[in-house]
Amino acid sequence: MNDTEKAIPFAGTSTSRSAADQMEKVSSQIYDLIDVKGKASDSSPGITDCAGKDREKHFRVFHSWSFYPTSPSQLNEAMERLKGELPKSGWKIVEYGPDTSKNRNLSLTADNDEKKTSLNISQRAKNDPPKLSLMLVSGCYEIPAGQEIERF
């Protein structure tokens with residue numbers, strides 16, 4: 001589901017609120033996989049357009065959040081846990097390695113065909129404090145007939 005490699009999948013019919021609630025559940029499952037002491041940023045999912053689709057009928061959900069380990073030394077452990085645990089939970093790792101930034105942050109991209117969701121994790125070791133930046137993006141949803149897309 002990496003946007004640059006293949007078409008965005010159809011995620012089903014849903015209200016934007018229900019789809020956002022589902023995305024929060026997926027984020028919580030990923031948080032549980034980290035299994036390292038720390039805290040997550042407090043953020044909510046948002047709604048965006050589906051490229052090339054009618055914006056009144058189709059939408060995608062995104063959820064961007066960060067994980068801050070209690071100890072900076074646990075940042076590598078958190079990333080390694082995700083690399084090992086995500087495939088056991090239906091995620092296919094499609095890219096892993098340093099990104100093209102000046103800091104050459106370790107980056108992981110994974111797709112979950114069942115959940116119609118793509119995930120990118122960037123290990124920001126040089127940030128103060130060090131963190132994992134996570135971005136989840138859904139496939140394209142269609143709003144049920146008679147409903148309107150809530151944008152938040």
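How many salt bridges does a search of the whole structure find? The search finds five, a salt bridge being a side-chain nitrogen of Lys or Arg within 4 Å of a carboxyl oxygen of Asp or Glu. The model is predicted: local features need pLDDT of at least 70, side-chain atom pairs count only at pLDDT 80 or more, and totals for chains, interfaces and linings use all residues. Residues are numbered from 1 along each chain as its sequence is written, and side-chain values use heavy atoms, with hydrogens and water left out.

One of the salt bridges joins R81 and D35, at 3.6 Å from N to O. This pair links distant parts of the chain, 46 residues apart. R81 lies in helix α2, and D35 in the loop between α1 and β2 (38-40). Helices (H or I, at least four residues) and strands (E, at least two) are DSSP runs, numbered from the N terminus. R81 is partly exposed, at 26% relative accessible area. D35 is exposed, at 55%. Here buried means under 20% relative accessible area, exposed over 50%, and partly exposed in between (1.4 Å probe, protein chains only).

R55 pairs with D49 in another salt bridge, with the closest N and O atoms 3.3 Å apart. Both are partly exposed: R55 has a relative accessible area of 40%, and D49 one of 33%. A network of salt bridges links D49, R55 and R151. E85 bridges to K88, with 3.2 Å between the closest N and O atoms. K88 is exposed, at 64% relative accessibility.

The largest nonpolar core has 29 residues. Such a core is a set of buried Ala, Val, Leu, Ile, Met, Phe, Trp, Tyr and Cys residues joined through side-chain atoms within 4.5 Å. I30, L86, I121 and L132 have the most contacts inside this core. At least two core residues come from each of α1 (16-34), β4 (58-69), α2 (75-85), β6 (106-112), β7 (117-124) and β8 (131-138). The largest share, seven residues, is supplied by α1. Beyond four places in sequence, I30 touches W65, L82, L86, W91, L119, L134 and L136, contact meaning heavy atoms within 4.5 Å.

R60 is part of strand β4. Its relative accessibility is 8%, so R60 counts as buried. The R60 side chain reaches the backbone oxygen of S138 at 2.8 Å. C50 sits in the loop between β3 (46-48) and β4. C50 is also buried, at 2% relative accessible area. Neighbours within four places aside, C50 contacts H58, F59, R60, C140 and Y141. The C-alpha atoms of C50 and R60 are separated by 6.0 Å, and the two residues are 10 residues apart along the chain.

Key:
A polar contact is a pair of N or O atoms within 3.5 Å; within protein, one must be able to donate a hydrogen and the other to accept it, and residues adjacent in sequence count only if both atoms are side-chain atoms.
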